[in-house]
Amino acid sequence: MLRYDSKIVLEDMKDIYERKMDWNQLKNAKVLVTGARGMLAAYMVYFLSYLNEHCHFSVEIYALVRSSERAHEKFAGLEEKSYFHYVIQDVCEEIQIDEKMDYIIHAAGNASPKYILSDPVGIIRANTLGTMSVLEFARKSQVKRVLYTSTREIYGKTEGIETICESDMGIMSTEEIRSCYPESKRMAEVLLKSYEYQYGVPYVNARIAHSYGPGMEIEGDGRVMADFISNAVHGQDIVLKSDGSAVRAFCYLTDAVSGLFTILLHGQSGESYNVANESEEYMIRDVAGMLAGIYPEKNIKVVFDIPREQSLGYSKMGRTKLNLSRLEALGWRAQVDLKTGMKRTVDSFEN
């Protein structure tokens, strides 16, 4: 069980804290984190706890989850802290908190190919009704800012450009079942813009690409990195369901989370920011080979088992780099290389 005070987590928290940011904005703040069990959201909760435990920030943390029993796996050791509060409810319902929040980190929603295929209506519901519920609460609370965790997939199919800027928008088919995810994320961003325009609710969007790290779901998630990490943790061969020639760039959790806090605290209200690590591009088969090579004692092999038809749950969009200049202008840089990040992730499960 990953704990907020485990060795690897504390090292990651220290890494985030030492990046240049005006953390003082969070002193004595009340922060609501929706979808708090998720990998990114949980690490943001851990970091706010780190500020309390090591820097005496007195942040009041409200973690919105649907099940306290499942959340216990993420927040064991925090639950007895006076500054930590559960909000047990569906994010799509009216948010039941009497206190007014200073910041809201809205990370509720599911991106797993497994759930995109098994519950597309639930995916849409969380991203649309859930976002409206959050924004209604934000309006009543008169928050300083809402941070929405969006996705690079909202860009759709882009052609004729080398890198995707935040103003670029491609096409997306409404006839593909997988569109339930990126299309509802797009709608969530439209809701944020509309609430800012009509009610003055300040917000920022983070369009995140291929993040991974300690606390990620590795059992049955269906995404490439999750499956690879699961294989490495269990000492299993890494099975590729394609020729592995697709190119990806992965962003370790501390880079992603520091990017999210940079956007929350220093981003311009109403703007969107790409969050990714574009410094290392690898073919999927090379990522698998690299991970297997980190643990020679496990004798992990990379094998190919290519089905005749690809699953409908996976994105078929070709890769185009994200332009990170807007986020980098705020002082952010990715710092963790892929090999280091994968080792830290596997070790976090084994320890």
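In the largest nonpolar core, which has 88 residues, Leu-26, Phe-261 and Leu-291 touch the most other members. Such a core is a set of buried Ala, Val, Leu, Ile, Met, Phe, Trp, Tyr and Cys residues joined through side-chain atoms within 4.5 Å. The model is predicted: local features need pLDDT of at least 70, side-chain atom pairs count only at pLDDT 80 or more, and totals for chains, interfaces and linings use all residues. Residues are numbered from 1 along each chain as its sequence is written, and side-chain values use heavy atoms, with hydrogens and water left out.

- Another core, of 24 residues, lies apart from the largest one and includes Tyr-62 and Val-134.

**Helix 7**
- In helix 7 (residues 224-233), 8 of the 10 residues are buried, meaning under 20% relative accessible area, where exposed is over 50% and partly exposed in between (1.4 Å probe, protein chains only).
- Among these buried residues are Phe-228 and Ile-229.
- The buried residues of helix 7 pack against strand 8 (211-212), strand 9 (238-240), helix 9 (284-294) and helix 11 (338-350), contact being heavy atoms within 4.5 Å.

**Cysteines**
- The whole structure holds 0 disulfides, a disulfide being a pair of cysteine sulfur atoms within 2.5 Å.
- For Cys-92, the nearest cysteine sulfur, that of Cys-180, is 14 Å away.
- Cys-92 counts as buried at 15% relative accessibility.

Definitions and conventions:
Helices (H or I, at least four residues) and strands (E, at least two) are DSSP runs, numbered from the N terminus.
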